Each structure stands twice: as structure tokens, then as C-alpha cells.
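Open the model in a viewer and follow the selections below in order. Each stop says what to select and what is found there.

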Amino acid sequence: MDFGAGGFVVAGLVVGFIVGMTGVGGGSLMTPILLWFGINPAAAVGTDLLYAAVTKAGGVWVHQRNKNIDWSVTGWLALGSLPAAALTLWLLSRLHSDPQALNAIIKHGLGIVLFMTAFAILFKKQLFAFVGRHANDSFHLSPKKLNTLTFITGVVLGAMVTLTSIGAGALGTVALFMLYPFLATRRLVGTEIAHAVPLTLIAGLGHASMGNMDWPILGYLLMGSLPGIFMGSHLSGRIPDGILRPCLAVMLMVIGYKLL
């Protein structure tokens, strides 16, 4: 294993550790790290999408075993996100003959979504508290309107994740909580992961079909991240959330600013 390969293993270990400790940050950290290593934006996004699909797949099995997935909500999200992912992939393929334009669009998209993700991470507790306080207000959505809004949320997430590889985690969970404030947090997380796996898999395979993929790097990242997630999960809660989340949010804002 050369130094470059070792660097990717260490990157996977660090990101996996952070994901294990905080539950967020996978895509929002991995794609910028790949850019820092000199991987072009399109290949970084494609590689990270399949990385996310593999690392989250085990989470689906665990959450399903614990009955933490609302498959109805997952279905409405996927109904919007998977066609949106396919359309976004088609639009990106039209730009494939102009790599400079493609990479510029992806970099700007990354910058914007990183800022949004940082905001969601930083103010997650306040957002959840606000929605929780108003969950019993007179405003109630009918099942039909709720399904429609869930479908629209899926469309937005599908396009966002396919373009940048970011958004399915922190942004997806916040969006779900705003729509389903009475759904237990563990079911929100389980439902988001169950939706993220097919979305990132299809988007990642779509990018791979366009050549936006580095298979050896994917292997090195997984080699490091799987033990990293295991170690981070066991240390979760040892470092106060009030320290971890602001640090992660500030780091994402700085990265987003540099990309923009």
C-alpha cells in the first residue's frame, strides 16, 4: 500500500469515527476530503455516493430488526427522489463533454449544500424544539397533503444528493421531523437511512456509468471507515454534543465558503 492509499484509509477511518460518534457528517466530510486529495469533483461525488450506500446498508438491517423504519414514509420519499436522481444524472450526462462546466456546477452545488447542512447541524436542537412546540397547533395536514409534501421532499433530496452526494443525512432528518413531528427520533433516523441507501446506490451507479468513480479509492475508504464507525459508535456520548456539533458545523461552513 503506498502513501496515497494509506491516506485514503486514514481519511475513511476519521470520517467513519465522526459518523459513529455524531450520526452525521459522512458525505459532507468525505467529498471535501476527496477534493483536498486532488480528486476531481465529479469523481469525488460518484465515489462518495457508493461509499454512503455501502456504509449505510448495515444500518438498514439494524433499524429494520429494531422496527425503526416507517416504510410508508420511505416509499413516498423514494417515489420522488429516485426519478429526480435519474433526471439529474441525465442532465449531468449532457454536460459530460464539458468536464470544466460539470465540475464547476458540482463545486458550487457542494458549497451551497454544505452551508445548509452546517445550519441544520448547528441549529438542529432549536429546530426540533420549535417544531415540537407547535406540533399540537391547529395546523394539521391531511394524509394526502402530507404524502404530497413527502414526495416533494424526496424530489429535492434526490436532485441534491445526486448532484453533491450531500443532504440525505442532516437535511433529510430535519425535513422529516418537520413533516412528522410525532414520529420517534429513532424511527426518523431509521427511515432516513432506509431512504438514503437506494438513493445513494442508484445515484452512485449512475455516476459510475459516466466514469465518475474511482474504485480503488472506494475500497481504501471502506477499509478505514468500517472500523472507524465501530470505534466511534462505542465512544458516542463521551464527548458532549454541544462541543461536537458546533465544531463540525463551523468546519463545514469553512469548506463551503472555500468551494463557493
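Start with the largest nonpolar core of this predicted model. It has 57 residues, and those touching the most other members are L34, I39, Y51, Y180, L221 and L252. Then select residues 99-122, helix α5, which contributes eight residues to this core, the most of any element.

Keep Y51 selected and show its contacts, leaving out neighbours within four places in sequence. The partners are G12, V15, G16 and M30, together with L218, L221, L222 and S225. Apart from this core lies another, of five residues, including I69, I193, A194 and V197.

Next, select helix α4 (residues 71-94) and helix α9 (residues 185-209). Their axes are 9 Å apart and the packing angle is about 20 degrees. Because angles under 35 degrees count as roughly parallel, α4 is roughly parallel to α9. The crossing of these two helices is right-handed. To see the contact, show W71, V73, T74, L77, A78, S81, L82, A85, L89 and L92 in α4. Facing them in α9 are T191, A194, H195, P198, L199, I202, A203, G206 and H207. The residues of this contact are 13 nonpolar and six polar, with no charged ones.

On the α8 side, select G172, T173, L176 and F177; they meet L188, T191 and E192 in α9. The contact comprises three nonpolar residues, three polar and one charged.

Note on methods: Residues numbered from 1 in each chain as written. Predicted model: local features only at pLDDT ≥ 70, side-chain atom pairs only at ≥ 80, totals over all residues. Heavy atoms only, no water. Core = buried A, V, L, I, M, F, W, Y, C linked by side-chain atoms within 4.5 Å. Buried < 20%, exposed > 50% of the residue type's maximum accessible area, 1.4 Å probe, protein only. Helix = DSSP H or I, 4+ residues; strand = E, 2+ residues; numbered from the N terminus. Contact = heavy atoms within 4.5 Å. Axes fitted to C-alpha atoms, helices over the stretch in contact; angles between N-to-C directions. Parallel < 35°, antiparallel > 145°, perpendicular 65-115°, else oblique. Left-handed = near helix turned anticlockwise from the far one by under 90°. Nonpolar A, V, L, I, M, F, W, Y, C, P; charged D, E, K, R; others polar.
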